[in-house]
Each structure stands twice: as C-alpha cells, then as structure tokens.
Amino acid sequence: MNPKPATPPFTLPPIFSAVRNGMKIYVVPRAGLPLVSLHLIFPYGAETDPPGKAGLTDLAAEMLTLGTRQRSAAQIASEVDGLGASLSAHAGWDATALHLQGLKEDLGRLLELLREMVVEPSFPEEEFSQLQQRRVAALVQQKDESQIVAGERFEEILFRGTPYDHPVYGTLKTVPLISRDEVQDFYRRRSLPEGSFWVLVGDVDPDDCFRRLEAHFSILTPGPIQASPFNPAPPQGIRTFLVDRPDLTQSQIRLGHLGFPPVHPDFYAFEVMNYILGGGGFSSRLMQRIRVELGLTYGIRSSLDLRRQAGPFAVATFTPTATTFGCVAESLSILKSFRAQGASKIERDEAVQFLRGSYPLKFETLSQVAQRVLQTEIYGLGIDFLRDYPEKIEATGEADILRCAQTHLDPENLIIVIVGRAEAFRRDFERWGPVEVSK
Amino acid sequence: MNFFPEISAHRLANGLLVLAAEIHSLPILSHQVHFAAGSRYEKPGITGISHLFEHLMFKGTRRVKPEEFARIIQAHGGTLNAFTTTDNTSYYENLPAEKLELAMDLEADRLANLQLTSETLEPEREVVRSERKLRSVNSPFGLLIEQLSALAYEQHPYRWPVIGWDADLKTLTLEDCREYYRTHYAPNNAVVVVVGDVAAEDVFRLAEKYYGPIPAQTAPPPTITPEKPQRGEKRAVYKKVSQVAAFFAAFHIPGIAHPDLIPLQILCTVLSSGRSSIFFQKFEKPGKAVEAQAEMGSPPFFFMDPGLLQIYAIASPGFPLEKLEREIWDEVEALRRDALPAEILLKAKKQVRSAFLQSLQTHFFKGLLAGLYQVRAGDYRHLYQILSRYEPVTADEVLQAAGKYLRPENRTVVSLQPVSQAEHDELGEIE
C-alpha cells in the first residue's frame, strides 16, 4: 500500500488585493455559508513590549474592545453578541490582531464597530483596572497548569536577553506595574501604523470590501515599528531546568533550542524533516519509539514555532515521574541519530505526500484561509508562498533533509525544562550538565 | 434557509447504515465510522474499556502492521483520529477526495480483522494511564469533575469517567477486549458517514464492496440502569494543592431528543456566552471569578440519556468561594422567577444560530452531526431541524425550563478546597 505519486493539483482560492489609503487589503471570497471573517493586523507584537512591561501590547489590544468615544464596554459586548459575532483583540509575537467574525448580513455594522475601536478608543479607567485584575487572577490560576508553566519556563530561558523573553500576556511581576495612561500613550503613538493590513474572508465581494475600507480607514502613524534583530547565544552544552511540583504524578517535558524564521531558505526542508522526526504524529520517529514501542507517553511532538525572527524549536511531551529521565534520554538519542543519518527515501516520500496532499485541508474554514494569508504578510513571505508551497515541498530530497538536520538540530547544545517531582530525577540529569531547580 | 446538503442513506444487508452528503467546494472529503460504543455501554470492573479499545483499533490486522493505519492515511495526504465519549466511539479520516476507497478499505479491514495480542495491549495500557494522568489526575479540575459525575449519578453508567478508573485500567484483560470487540464492533452497531467531493452512488458502491462482506453480530443486551430523579441537593469537598478555589455543579437534564434542551441551551447562552452574558458581566468582569460558565454541550454533543447541565466557577484569588457560589445561585434563581426580556432572548437566539452556522464550515463537523445524531438519537434527520427549533422558543418556555431543571433539589455541587503540600500528601496518593 505505497502512496501513489500523483495527488491532483489543488488550486488556491482567488486572493484579491489592493492598497487603499496606505493599507494593504486582502479579500478571499468564499460563498456557501453567510459568514464573514475580518482581520485587521498591526505590524507589531509583544516583542516590542518595553523592558519590565511584559504584556503591555496585549493589554493595549484588549483595551480597544473595552470602550470608545460612543460606546461603553458593556454596549460593545451587547452589540457584538447581539450580532451573533465573536470579537478578539490580542497581541502575538510580531503582530497584533483584531478579529471579528459574524454574519454576512451584518458586514456594515461589524466594520463600523472595528472603526470605532481602532480610531476612537477611550481607555476607560475602570475598565482598565478590572482588566488588569482579571489578567492577574488568570496568571495566578495558570500556575496550576503544568503544561503552560513548562512552556513559559522554556521560552524564558531560551530567549533571555532577547525581545521574545516574556509571555505575550505578561507576568505576575509586570502586569500590575502597567498603568492605564501608559497603555493609552502606547497605543496613541502607534495607532494604525504603516504596515497595518486587512484580511477579509467569506461571502463578500472584493470591490465592495475595498470601497468600504477606503471610506473608513487609513494609515495614521508613519514609520515601521519593529524589534531590533538579536543574535543567538553561544553554545552552552546541555542545561536542565527543573520546576519542582511535588503534587504532580506526571512530568511535563520540553527540550530544544533556537530555530530559525520562515523566510529562511531551509524552511521547506525543515517542514519535511520535522514531519519525519516528530511533527507527523504516528508517522514520526519520536511517536513511534516513545509512545508505540515504549508506552512512555500519550503524546510527543517536535515543532518549530514561527516568528519573524528565530522562534523556538522544541520537543514537547509528558511521562509518569518514574520514567522521566528515560523518556528524555530516549528522545535525545532519536535527535542524535536523526542528525547523523537523516531520513530514508520512504520516509521522505511519505512526508512529502502528506504535506502536499493535506494542503487543501488547511483552506477549509474562513479562519484557516485568513491565517494562511496573514502569516505570509507578517513573516514577509509574499503571497506566492501559498501557491508555491506544494511545489517547494515536492522539491525536497533526502540530501536536503540530512543537510537541514545537520544545520538546524543541535542535540549537544540545548535546554531541558521539566515540571514535576524534581527530587525524583534531579541526580540523573546532573550527569549531563548543570541542573537548576526552582519552585 | 437550510445550509446542510442533502444526505442520501443506504442500509447494507448486514445492517450497516451508510450516509453520504455531496459537497464539491474543495477536492476533499471526510470519512467517518461511528459505533454505538462508549462508556454508557460499560460495567463496573471494565470502566474505560471503550476508550482503551479505541487505541487498540490502531494496533493492526493481518495486512496492516501496528500503528501503520495512521502512517498509510497520512502518506496519502490524509489526517485522521478517533474519539470516545459516553455515547459513541468514532473514527475518521479527512483526506483528498480520490482516497475514499483507501479509507474504506482500511476501516473495513480493522472492523473485521483486528489483531488483539498482549504485546500490543500492554504498552497501550500504559499510554492510556499516561493520558489519564494528563487529562484528569494532573489537570487542575479533572478529578473534581470526575467526582461531580460520580456523585450526581448513583446508578447510570455516566457516573464513571470515559477514560475509566485507574484500578480498572490496570486490570482489564485481553479477553475483556476481545469480548468488547465481538459485541460492539459490528456493522449493525455502526454508521458510516461520507461528506465531501464524491458522488453518493460511489460511496454506496464502495461501502457494499468493503463493508458488505462483514457479518452482522447479535446486538449487545441493553445494560442501562435509568437514573432516579434526584430529591435534594448533594454536596462534596475535594482537597488538593491548588492556586484557586472553585466549585463545579451539575443539574440533571433530559437526553438528546428531548425538546426541553432547546430552551436550556438558550439559558446557558444567556448565562455565559459572550461578554454581554450574565456571568461575564457580574462575576468575571468585576474580578469575582477567574472564570464562570454554564455548559450542556451543543448539537450534536448532547448526552444520549438524561445528562448534566454544568455550572462552574473558579474564584478569583481573594474572593470567597462561598460568596461567589451564593451570588451565582441568586442569578440562577432570578432566571427561574422572571421571564427573559425580549431583547435578551433575541440576542441569545442569534448567538446560537450564528455559532451553529460557524460550526458548519468543515466537512468533518457536518459528518459528526449526521453520525452522532444517528448513534445518539436514532435518526440523523434531527440535524435538519436544529436551526428551525431555536426561532420559535418563547421567554415562557425558557422560564419553564429554568423552573423545572435548575432547582436546588436537582443540584450536585463539588467544591475544590486548596490545601498545603503536606495536607495533600497526608490524604493519600492520587491516581
């Protein structure tokens, strides 16, 4: 039952674009259901949080939804819910997104609401203090979520001294230090900045969308706002960081190092390589060995998180306390052997077939289509990226995979983060290098 | 206006029902097999076997090696998975449209020829115990929710968790698994659904070819003990290390086919859906609760038998849990006393309608609607009525439903009380 080589060609949905009042606009019409999905993207994210103010960009984004000159937060909420719509405003890394999804019949109202929030936000004092309190409470509760604790600790160490060194939503130390005036000032100085763009997907007409946006929105702040580039830290061997949680019966594990941004020419080879290593579910070596053969975990995967600059490459898994060291050791040895030997022809063919064949499934929902389009813009890939992706994947051979593994996997220099019963396995990890234990 | 494509149905001689819906927007399809197998069909001593068995279905046949099923589907550009609930176990492949035959061939093969050996059972048992630790034991509220069902139900199988009790997972035998396979994995106990870029007649022809030869089995005897009406509030406390205090409450409500679920869904929407909802405005916004929700599932995930409407709240640090719970019950009482204002009812209806339309974006979800309504309610055609059932709901019907089901006597509450590590340890090992 080997895969047939030919998968029928998939054609991208037509993507219409225009520039109006300095803003790039992408429209992808999709009939069938009477829905629209609207995304307004600002070209800056949490990587531009000032030092000591982690969470500022994200707080500023949510404050846009909590009051305008014409409407209170409660009125906005009523209006959004009354339209059966969903609204979100959050910072990511490298970009901030306002997203409103609703019914086609309400397109005019939805755009007007977005205009008010973006152009006339009022930053009410009481709303800000309540939002701050909600964020602090959520951060306290989050300490119970070992998966989140593990991910945060991993990135905190990996990105120390870089613009990515803090969670997007801030920390218990920084969020209480941010004031309403700071948030307002922060937003005012970067209101609809150059590089902001739109993605509209759904049962819409492109020309109608261009006209509507032109009538209500234009770039207000000149000049790009982006974090300065950073250089990776020099190699430091294997370092282990344990977060002691004696109440847990299973350890949360992250191990990895810095990756690279998606504009890098090795990106396609990495996609194929990572499918084989740990991104391909049951087709991956990590899953096959750690779950299927050894029964050490329910799930294990490796992934490269996409950012404008280098994002993290990490293997993520969990295993009962007693098998923690064994699970990490086995994962590391898979990384090492993959780096040494690369992939077989069958592995390469299956990975390519999956990535090509499943590509149309990534264009099924309005949000999926919008995400694809906006990622190409945020990461500077160009819209042709979406068209060329299957071809570039197909062009990846075994030699490319081996070269990619040898260039971008570094099992001798990585960090290991484990949230669990530290005393049960601390000594094991000390054999490999320094171990730091925290609460 | 109906946004669901027409479904064609065809029953094979062995009892298998095949449903096909043609949608030609993208060159893809979703192929699904839904079995009337889930934790409601289990007995004490073998709890969790439905879900464990879902894992074993990937362990190979004479033709296909263990876990090769996934590798083959993915290598043909497909994605796949399976899930087990109280009322169904479902397997699906979302893949390029011309790969339907491959998916049917592989699904039919494991339905007829699964190899069950201790070599595959033993590591999988540990995988499932790791999954249990992930979902229940080490998750902040997992064990609390388990206790809530265990207390709310005294007789019905909904009282144990789908993942099963750890003690049972440790002792289930290979023979238990074989028996479960024999009785539940039969064509007459399943429905196959195909949604996507394919002609219905091709679906039926391929179904005859691959599923047709599999013999029907004697249907498993019904084992359900119905739950008696609850006659007074039940309460329990659960102590563990935690940053926050919380309570989880459950009210008994009817099963999937009952008309009262519609006004109850409107009630849940009014209570906690969106930022204009009562719970957000009164509890989350002013910092009394980190989170407060009213949930009963949405189509097609309503319980087959009388289920639970859950109301839970996580107290914000510093806000007393008892006060939060009391204030939440005051809000619920207000809904039992006064009819909803017209504009609130209208808003809730639009929210529910819009959420349903949003969910129809994928072939996969359309398939779930058809398959799960068939398995849980006995007829996939219920799905055509969903949208039209919200519109005529009146404020009086919502009031009646609140009065009938959200009574304190019908309520079970489990609260999470944070304790120190020393006290946590003294209370014994959790598993």
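What we're looking at is a predicted model, so local features need pLDDT of at least 70 and side-chain atom pairs count only at pLDDT 80 or more, while totals for chains, interfaces and linings use all residues. Residues are numbered from 1 along each chain as its sequence is written, chains are lettered from A and ligands numbered from 1 in the order in which they are written, and side-chain values use heavy atoms, with hydrogens and water left out.

That bridge belongs to a set of seven joining β7 (residues 238-244) to β11 (residues 414-420) of chain A, and the two strands run parallel. Strands here are DSSP runs of E with at least two residues, helices are runs of H or I with at least four, and both are numbered from the N terminus; two strands pair if DSSP finds at least two bridges between them. Zoom out and you get an open, mixed sheet of six strands in chain A, ordered β9-β10-β8-β11-β7-β12. Its edges are β9 (300-304) and β12 (435-438) of chain A, each pairing on one side only. From one strand to the next, the twist averages 15° (axes are lines fitted to C-alpha atoms, for helices over the stretch in contact, with angles from 0 to 180 degrees between N-to-C directions).

Now follow chain A past β11 to Arg421(A), which sits in the loop between β11 and α15 (426-430) of chain A. Beyond its neighbours within four places in sequence, Arg421(A) touches a list of residues including Asp244(A), Thr321(A) and, across in chain B, Glu429(B); contact means heavy atoms within 4.5 Å.

Hop over to chain B for a look at helix α7 (residues 174-184), where Leu174(B), Cys177(B), Tyr180(B), Tyr181(B) and His184(B) are buried. These cover an arc of only 120° around the axis, so they lie on the same side of α7(B); the arc is taken from the directions from the helix axis to the C-beta atoms. Their packing partners in chain B are β3 (28-35), α1 (49-56), α3 (100-113) and α4 (118-137).

And the cysteines? Cys327(A) is buried at 0% relative accessible area, and Cys268(B) is buried at 7%. Counting pairs of cysteine sulfur atoms within 2.5 Å as disulfides, the total over all chains is zero.

Methods: Buried < 20%, exposed > 50% of the residue type's maximum accessible area, 1.4 Å probe, protein only.
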